[in-house]
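Work through the exercises below with the sequence and the structure at hand. Each task is followed by a solution in steps.

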Amino acid sequence: MINTTNYRTCPDTGFKIDLSADKLIKWNAVSGVVFLLIGGLFGLGVALTRWPAVHLLPADWFYLALTAHGFDVLLVWIIFFEVAVLYFAGAVLLGSRLAAPKVAWLAYWMMLGGAIITNIAVLRGDSTVMFTSYVPMKAAPEFYLGIIIFAVGVLLACIVFFGTLVIAKQDKTYTGSVPLVVFGATVAAIIAVFTIAAGAIILIPTLLWSVGYVGHIDTLMYKIVWWAMGHSSQQVNVVVQISLWYALAAILFGAKPLSEKVSRTAFLLYILFLQLASVHHLLVEPGLSSEYKIFNTSYALYLAVLGSMIHGLTVPGAVEAAQRKKGYNKGLFEWLRKAPWGNPAFSGFALSVVLFGFLGGITGVMMGAEQLNIIIHNTLYVPGHFHGTVVVGTTLAFMAFSYWFVPVLWQKELVMPGIAKWQPYLFGIGMGLVSVFMMGAGTLGVPRRHWDINFSDAAMAYEFPGAAHLMMGLNGMAALVGGLGAAIFILNMVGTILWGKPKTKAAPAAEPSTDTHGAQVLASHGSAEGMSVPGTFTLAMVFLVAFVLYYFVNWKYLAGVWPLS
Amino acid sequence: MSIFPPEKRIWWKEPIERSEILWIVIALVWSLIMFVMMPYWHIAGEQNLSNEAYRIRPEVFAERTEAMAEKYTVREEGDTGIPVVHPPAGSDIYMLARLWEWWPVLELEKDQTYRLHLSSMDYQHGFSLLPENINLQIHPDYEMVVTIKPNRSGEYSVVCNEFCGIGHHTMVGRIHVVDK
């Protein structure tokens, strides 16, 4: 095939960008943000309904909004953005042409079409089955059909990404091994293919069942296979988010991984051990043995958790090493104090690392222990946990990356640079508190997916302690703060793309520590070898102590409940 | 840098920095401790779910539940007149989940063990015993058996915490634990 690809050269970074990849990255990212807006509004409706004093939506609308919220933000927003990241990693970072742009556009339209079809099914009101759509509760066929079309689109996007890797290798657009960020993106795409396969195995029969061609779907089998999709798709999010952490560390600080070997092995641990896990969601289910639950839910001896703990050290460690080489060497934490806290790309990144670890990571591992799950399952603790992962972890990392990537890719100035400085704090702290208050209410037994914990229409009622009502109110207020943060982000991004002034100098987020002076400052090693990172190590130990204490406190709670055997 | 290929072609032979190795060892040890906690609790802990479960047709489960209720009902409760069943200590007891109630109300004796059978007549439901905060997932066509030993007397509620349709939030049941 004759190569007719047109490129432009990015004035900020010097990257050679395939114009078709450029356009696809933009369309995918923008579509993601649109769904973040839609899904975010549904989420706000949910949070304001669960605030007892406000109780905004009627019951049918509440459950409808909750179904739409889960689908639009957890799936559509995140995956559109991830596809943009895949194309960015494949085409831009490797300086290659994108494989089969036409297929990539087909993927885009399938994802968009599928997302719209499922949204229509939900909004029509006949598919209020929650995002998880547990059988035998039945949605309209279009609900499953839309998700399947969306997933096939994602699969095509992954194939385009793999094809791009092959092209880049053949065309020798880079020398040696692919960059760590591309390696991470590849890991994400591999897990995504597994995820989509599991999704096909369960959603296609469910679609046929919903149409009437299949008579019965086993409820337990449905959940095992559905979560092989549902849980793995969260691993895709983790991997992409960590790849972007490494990317931001490199862009903002010229940071190198402490050791390529360690970081890449940690990514490999994900491929080897993450995807087998789906049983986190089935720990208090009948019909599965404890042996299977323990092995599966621990990702085989917690070896994938080990991977995350390694990244938890190596990402901030890379920043510390880079800062120390620049001379911020005083004491344990000068490198951190002198970091650009007013740059939203950095503050969003830093908050994402910390909040993901403390709010999402620790709690997820804790409640994934077979017996501890008894005091957690289906309480509000569960959404509390995953708002700690996908909202203040993944979504915040995507926002941070956008502060660099939108001005650079569109070559425009941010329209609201002043308020952007505050946005990561507003969103991170607001949504972080949402996570904390939901988990707090969950430990008091407040159920998830529940319209009325006052039980005003119920024949019998349970009176939750006052603290539970208080936390639901605080959760609503925190959601308003976080929602404001999200709204500012969306306005800023959309405004920049539509009305932003053409860029004259590098955006502050894009401080071109890239190759020019970055390479001079840093030694010529492939990794930041030999540089000790005492500050990061101290922070990691703080994390470990919090982890250990929190883990055993929950065993103590468990020991206090009725004996069960 | 992480966005460029490693500068050293043979990056896999670079030495690993000491604090990194130390952290990996610590994290691995912690991972193994967490893993061991689960089997350990099966041996030494008191809160474990049995692996006892059966496939069952909803009507069969309903029959067994009704048979128990017929035998041991002691009174009725509330506006709905739902039966309160006081089965003998140590016996097999049944509670069924259906849109949107837990049936019947159970009255148990403190510090006695019971084999609690749970199943659903329709959708999936979530058995959330409050204020204990014991949570179990209830499936149709599956009968879960768990041995419980209520160790405090008082009034307990069973709130449904799996979404089961528009009346989900009204689905509340009751277990009384009485001193002998």
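A residue counts as buried under 20% relative accessible area, as exposed over 50%, and as partly exposed in between. The model used in these exercises is predicted.

**Exercise 1. Describe the salt bridge between R449(A) and E162(B), and state what the pair joins.**

Step 1. The closest N and O atoms of R449(A) and E162(B) are 3.4 Å apart.
Step 2. R449(A) lies in the loop between α14 (423-443) and α15 of chain A, and E162(B) in the loop between β11 (154-160) and β12 (172-178) of chain B, so the pair joins two chains.
Step 3. R449(A) counts as buried at 9% relative accessibility.
Step 4. E162(B) counts as buried at 3% relative accessibility.
Step 5. Another group of charged residues is a network: R8(A), D22(A) and K26(A) are joined by salt bridges that share partners.

**Exercise 2. Examine the salt bridge of D22(A) with K26(A).**

Step 1. The closest N and O atoms of D22(A) and K26(A) are 3.5 Å apart. A salt bridge needs a side-chain nitrogen of Lys or Arg within 4 Å of a carboxyl oxygen of Asp or Glu.
Step 2. Both residues lie in helix α1 of chain A, four residues apart, which is about one turn of the helix.
Step 3. D22(A) is buried, with a relative accessible area of 6%.
Step 4. K26(A) is buried as well, with a relative accessible area of 19%.
Step 5. Over all chains, a search of the whole structure finds 22 salt bridges.

**Exercise 3. Decide whether the ring pairs W27(A) with W109(A) and Y403(A) with F489(A) are tilted or edge-to-face.**

Step 1. Over all chains, the structure holds 46 aromatic pairs.
Step 2. For W27(A) and W109(A), the ring centres are 6.4 Å apart and the planes are at 55°, so this pair is tilted.
Step 3. W27(A) lies in helix α1 (residues 19-50) of chain A and W109(A) in helix α3 (residues 101-124) of chain A, so the pair ties together parts that are 82 residues apart in sequence.
Step 4. W27(A) counts as partly exposed, at 39% relative accessibility.
Step 5. For Y403(A) and F489(A), the ring centres are 6.0 Å apart and the planes are at 75°, so this pair is edge-to-face.
Step 6. Y403(A) lies in helix α12 (residues 381-410) of chain A and F489(A) in helix α15 (residues 466-499) of chain A, so the pair ties together parts that are 86 residues apart in sequence.
Step 7. Y403(A) is buried, with a relative accessible area of 1%, and F489(A) is buried at 0%.

**Exercise 4. Trace the contacts of K223(A) and Q124(B).**

Step 1. The charged end of K223(A) sits over the ring of Y134(A), 4.3 Å from the ring centre.
Step 2. The side chain of K223(A) is also joined to that of Q124(B) by a polar contact of 3.3 Å.
Step 3. Q124(B) is placed in the loop between β7 (114-120) and β8 (125-130) of chain B.
Step 4. A second polar contact, of 2.9 Å, joins the side chains of Q124(B) and Q137(B).
Step 5. Q124(B) counts as buried, at 3% relative accessibility.

**Exercise 5. Find the residues of a nonpolar surface patch that includes V34(A).**

Step 1. V34(A) is found in helix α1 of chain A.
Step 2. V34(A) is partly exposed, with a relative accessible area of 41%.
Step 3. V30(A), V34(A), L37(A), I38(A) and L41(A) form the patch, with about 380 Å² of accessible area together.

Note on methods. Residues are numbered from 1 along each chain as its sequence is written. Chains are lettered from A and ligands numbered from 1 in the order in which they are written. This is a predicted model: local features need pLDDT of at least 70, side-chain atom pairs count only at pLDDT 80 or more; totals for chains, interfaces and linings use all residues. Side-chain values use heavy atoms; hydrogens and water are left out. Rings of Phe, Tyr and Trp (its six-membered ring) pair if their centres lie within 6.5 Å; planes under 30 degrees apart count as stacked, over 60 as edge-to-face and the rest as tilted. Buried means under 20% relative accessible area, exposed over 50%, partly exposed in between (1.4 Å probe, protein chains only). A charge sits over a ring if NZ of Lys or CZ of Arg is within 6 Å of the ring centre and within 35 degrees of the ring normal. Patches are made of residues with over 30% relative accessible area and no salt bridge: like charges are joined within 9 Å, nonpolar side chains (Val, Leu, Ile, Met, Phe, Trp, Tyr) within 5 Å. Accessible areas come from the Shrake-Rupley method with a 1.4 Å probe; for residues, only the protein chains shown count as cover. A polar contact is a pair of N or O atoms within 3.5 Å; within protein, one must be able to donate a hydrogen and the other to accept it, and residues adjacent in sequence count only if both atoms are side-chain atoms.
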